[in-house]
Amino acid sequence: MPPATGGGLAESELRPRRGRCGPQAARAAGRDVAAEAVARSPKRPAWGSRRFEAAGWWALLALVTLLSFATRFHRLDEPPHICWREVQRTEESSPKGFSSFCLFFSPQMLIGLAGYLSGYDGTFLFQKPGDKYEHHSYMGMRGFCAFLGSWLVPFAYLTVLDLSKSLSAALLTAALLTFDTGCLTLSQYILLDPILMFFIMAAMLSMVKYNSCADRPFSAPWWFWLSLTGVSLAGALGVKFVGLFIILQVGLNTIADLWYLFGDLSLSLVTVGKHLTARVLCLIVLPLALYTATFAVHFMVLSKSGPGDGFFSSAFQARLSGNNLHNASIPEHLAYGSVITVKNLRMAIGYLHSHRHLYPEGIGARQQQVTTYLHKDYNNLWIIKKHNTNSDPLDPSFPVEFVRHGDIIRLEHKETSRNLHSHYHEAPMTRKHYQVTGYGINGTGDSNDFWRIEVVNRKFGNRIKVLRSRIRFIHLVTGCVLGSSGKVLPKWGWEQLEVTCTPYLKETLNSIWNVEDHINPKLPNISLDVLQPSFPEILLESHMVMIRGNSGLKPKDNEFTSKPWHWPINYQGLRFSGVNDTDFRVYLLGNPVVWWLNLLSIALYLLSGSIIAVAMQRGARLPAEVAGLSQVLLRGGGQVLLGWTLHYFPFFLMGRVLYFHHYFPAMLFSSMLTGILWDTLLRLCAWGLASWPLARGIHVAGILSLLLGTAYSFYLFHPLAYGMVGPLAQDPQSPMAGLRWLDSWDF
């Protein structure tokens, strides 16, 4: 049964639980005082019969949901070309390559499935923003994201309704999100953000719902909402690692809840143990199982070679059909005389490479260039030899001698017969690193060609396995470590990546390699199936690659990066489509009225919440109505403020490139805080002016003013989301000229 539309609770819900003591008693009493005050508040009139109340409750929820869907699906087909990151998300989700491996996981699979079911055949080449879709079906994928984005409003509405027991607070929250141009824009395109925010809000709503069932533990609704919380947490983390923030919020709520239960002396330790077990099962085991299952499905379905191959290790690539390592047979252990390729373990660094071109004058010693190269090439081939002999190890008269951890070796470039070499000359681009070159004639060089090969975390004497061993090359004379800086060389280096010898011996992925291709006619071949990693290993590697991929992101042309302090003040938006006055322009920018009201609300909440908390801590005797509203403000508002904090401040600690859209999960929480805060403050004002004849109208007038102001601001700024054509806002003739309130807005 839905709650009373006036916000009150049923009489049975107002009755305190028996046997409470200590913190649990205070907690229950706080809820009861709040509920009683809400129920008694003269500002929340009764609607009459329970049936009429329920009908009104469902009608308002239906209206909120319908308005959300209408705004998100309006003009969804425009513009009919690629916008911003649709080129990335749609290419990765292409049903044509639905079995090809990609870097990202379940979200792209869902988008790809939506495209497949809606008739998209995967033949469109996603090259750059602005390319027209023409006859290709894209509406299914946009519609899927818009569908999930449309649920953010009713989810927020229900969350605030449960936290505040106030329809007006819930309606205000729904209006803020419905009429925000930023949320609307993000929901209309093929992006991960609406999927992420859907699961975040679903987890938040489920958590609040199972908290409200605390007086009916282990009942069917309690189990349902607890389990749904776990499912939503798995979904949020499966979309982006930002889902960790909502996991942290649910975790903190669970710890507090268990702590209060532990202080309830009416509960036996067996009962407390049951509560703990239930939360472990639903909030830890269930999400982990679902999260792992999505990766298992991903690895089974996307089993072919694809654009994501180069991000992963050689052993990982060996399991992908169509990759040159798939079903290959090569010798397992490295031996002298073997022809090999050496691959750097850092993502997108590539293979150790050399060619006949020399370093130019003034760039260290004028010797043969050594670089890393991302593609298969004959110039990636090296012969591994002993450091102190030029005899041919492949001579049938010589026995096979395996390379072992700690051996001193030479690497001879197969195509040019020059040795891998280093010396004290400075590297071409990285200061304090040494230059790496190809040196010598027909394998004859000097002592600067000698390297000690080491296997990470192994003992001296161990054999070196192809694909699986993680190795380092230590230069014998200088003591430096062979690595790649990842810096792109100028045109004289063919824009390949710099290889250096670093004197810093710390183990980093830049200086760790593995042997990939391995040719030695004297050794028996084994199938690489034997060397393929296990599921836990590929699961771990995929996560490491995703983490490195996020940290290594670089902005594309015409993309505006931003800083976290820009976001709450709506300082700068993002161009989704179009640049000049002849283009169809879409500009991601929050509704300034909504965003600045949210920012003001955070400040007001911190001030008013602090005053109320201090007064209550000092034992101030508050009237029942004020005490109840204060509990709503502190508990309900505190919960969403915690969500805003957890989804915003961690970005200040991140070293990766950041964009404006990263703030939107936090914006959802700030909008819910605004709804709770202003509803409570207006009720407190009405209570304080109860002797005034028009006091009853203060709350209604205030809420209506906020609703109408938000709707009117949407009317003014809606072209940002639905599209603009014509003069830019800098032009006085532009219809948007008067709306460019900040110079940093570029629409």
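Q: What is the angle at which helix H8 and helix H19 pack, and how far apart are their axes?
A: In this predicted model, H8 (residues 167-178) packs against H19 (residues 696-717) at about 15°, with the axes 9 Å apart. The axes are lines fitted to C-alpha atoms over the stretch in contact, and angles run from 0 to 180 degrees between N-to-C directions. This is a predicted model in which local features need pLDDT of at least 70 and side-chain atom pairs count only at pLDDT 80 or more, while totals for chains, interfaces and linings use all residues. Residues are numbered from 1 along each chain as its sequence is written, and side-chain values use heavy atoms, without hydrogens and water.

Q: Why is H8 called roughly parallel to H19?
A: The angle of about 15° is set against these classes: under 35 degrees is roughly parallel, over 145 roughly antiparallel, 65 to 115 roughly perpendicular, and the rest oblique. H8 is therefore roughly parallel to H19.

Q: Which residues of H8 and H19 meet?
A: Ser-168, Leu-171, Leu-172, Ala-175 and Leu-176 of H8 meet His-699, Ile-703, Leu-706, Leu-707 and Thr-710 of H19, contact being heavy atoms within 4.5 Å. Seven of the residues in this contact are nonpolar, three are polar and none is charged. Nonpolar covers Ala, Val, Leu, Ile, Met, Phe, Trp, Tyr, Cys and Pro; charged covers Asp, Glu, Lys and Arg; the others, Gly among them, are polar.

Q: What makes H10 and H17 roughly antiparallel?
A: The axes of H10 (residues 193-212) and H17 (residues 624-648) cross at roughly 150° and come within 13 Å. H10 and H17 therefore count as roughly antiparallel to each other. On the H10 side the contact involves Ile-200, Met-204, Met-207 and Asn-211, and on the H17 side Gln-639, Val-640 and His-647. These contact residues comprise four nonpolar, three polar and no charged.

Q: How do you know that residues 280-301 are helix?
A: Helices are DSSP runs of H or I with at least four residues, strands runs of E with at least two, numbered from the N terminus. Residues 280-301 are 100% helix and 0% strand, with the end C-alpha atoms 30 Å apart. For residues 666-686 the values are 100% helix, 0% strand and 30 Å between the end C-alpha atoms. An unreviewed UniProt entry lists 280-301 and 666-686 among its "transmembrane region" stretches; such annotations may be inferred rather than shown by experiment.

Q: What percentage of the chain counts as buried?
A: Of its 747 residues, 56% are buried, that is, under 20% relative accessible area with a 1.4 Å probe, protein chains only. The chain has 20 helices and 16 strands.

Note on methods
Buried < 20%, exposed > 50% of the residue type's maximum accessible area, 1.4 Å probe, protein only.
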